[in-house]
Amino acid sequence: MELFRCLIGSQNYGLSDETSDKDYYVYHIPSFEDLYHNKLLVREEKTDEGILFHKDIRSLSNMITKSSFNQLEVLFSVDKKTQCIPINLRWDFMYDFYDFLIYWRERIARANMNKLFASTCGEVKRRINDLQKGKYTAGTKHLFKQHGYDTKNAMHAVRLINLWNMLYNKIPLESAFTNRIFNIDYLAIKNGKYDLTTI
């Protein structure tokens with residue numbers, strides 16, 4: 001049963017264009033069977049607008065135990081939708097818990113800096129290694145052919161480094177995640193303004 005959903009990706013942090021999907025993380029209350037078998041819901045659903053990534057509400061603990069910017073992004077979503085659950089099925093404390101997460105999101109983001117640093121380094125390294133391997137999406141195939149490398153991956157690598165820098169320097173992540181601080185022109189990187197030697 002769905003509890004809430006949060007917009008993620010380029011539509012959330014202000015880097016979308018006409019090819020960008022509108023993706024959401026959708027969090028669900030586990031069923032009795034899921035609890036009994038200790039099974040976490042993980043499912044993707046394609047829609048006309050984008051992809052719905054269905055997740056078990058218990059996976060939110062990964063924001064601290066396996067900290068990464070991809071997981072923390074849900075706390076800084078500009079489009080959060082809470083579902084109306086029938087009164088006889090409502091878990092009111094879950095709504096309180098969600099409000100608690102949003103209220104403390106800056107501290108939650110900094111709760112496990114060691115893990116977050118390690119995951120950020122790993123993700124940046126992966127994206128850099130994939131720059132010239134042709135691992136583009138349908139929406140970025142033309143960019144790869146035009147510039148000889150995956151400019152979208154390059155943009156995300158630079159963005160992740162900048163996010164970490166902001167976090168380390170205690171700049172509020174709400175501004176960083178949603179790109180209200182434009183100290184780097186990420187779209188210029190995506191659109192191939194720079195070659196690999198200048199990124």
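This is a predicted model: local features need pLDDT of at least 70, side-chain atom pairs count only at pLDDT 80 or more; totals for chains, interfaces and linings use all residues.
Q: Which residues touch the most other members of the largest nonpolar core?
A: They are Phe69, Leu72, Val74 and Leu75, in a core of 33 residues. Helix 8 (residues 151-168) contributes the most to this core, with six residues. A nonpolar core is a set of buried Ala, Val, Leu, Ile, Met, Phe, Trp, Tyr and Cys residues joined through side-chain atoms within 4.5 Å. Helices (H or I, at least four residues) and strands (E, at least two) are DSSP runs, numbered from the N terminus.

Q: Which residues does Leu72 touch, not counting residues up to four places away in sequence?
A: Leu72 touches Met63, Ser67, Ile108, Ala109, Leu116 and Phe177. Contact here means heavy atoms within 4.5 Å. A second, separate core has nine residues, including Leu15, Ala154, Met155 and Ile189.

Q: Why is Cys6 called buried?
A: The relative accessibility of Cys6 is 0%. Buried means under 20% relative accessible area, exposed over 50%, and partly exposed in between (1.4 Å probe, protein chains only). Cys6 therefore counts as buried.

Q: Why is Pro172 called partly exposed?
A: The relative accessible area of Pro172 is 47%, so this residue also belongs to the class in between. Pro172 is found in the loop between helix 8 and helix 9 (173-177). The C-alpha atoms of Pro172 and Glu106 are separated by 7.0 Å, although the two residues lie 66 apart along the chain.

Q: Which element gives the most residues to the lining of the largest pocket?
A: Helix 8 does, with seven residues. By class, the lining has 12 nonpolar, 10 polar and 12 charged residues; Ala, Val, Leu, Ile, Met, Phe, Trp, Tyr, Cys and Pro count as nonpolar, Asp, Glu, Lys and Arg as charged, and the others, Gly among them, as polar.

Terms used
Residues are numbered from 1 along each chain as its sequence is written. Side-chain values use heavy atoms; hydrogens and water are left out.
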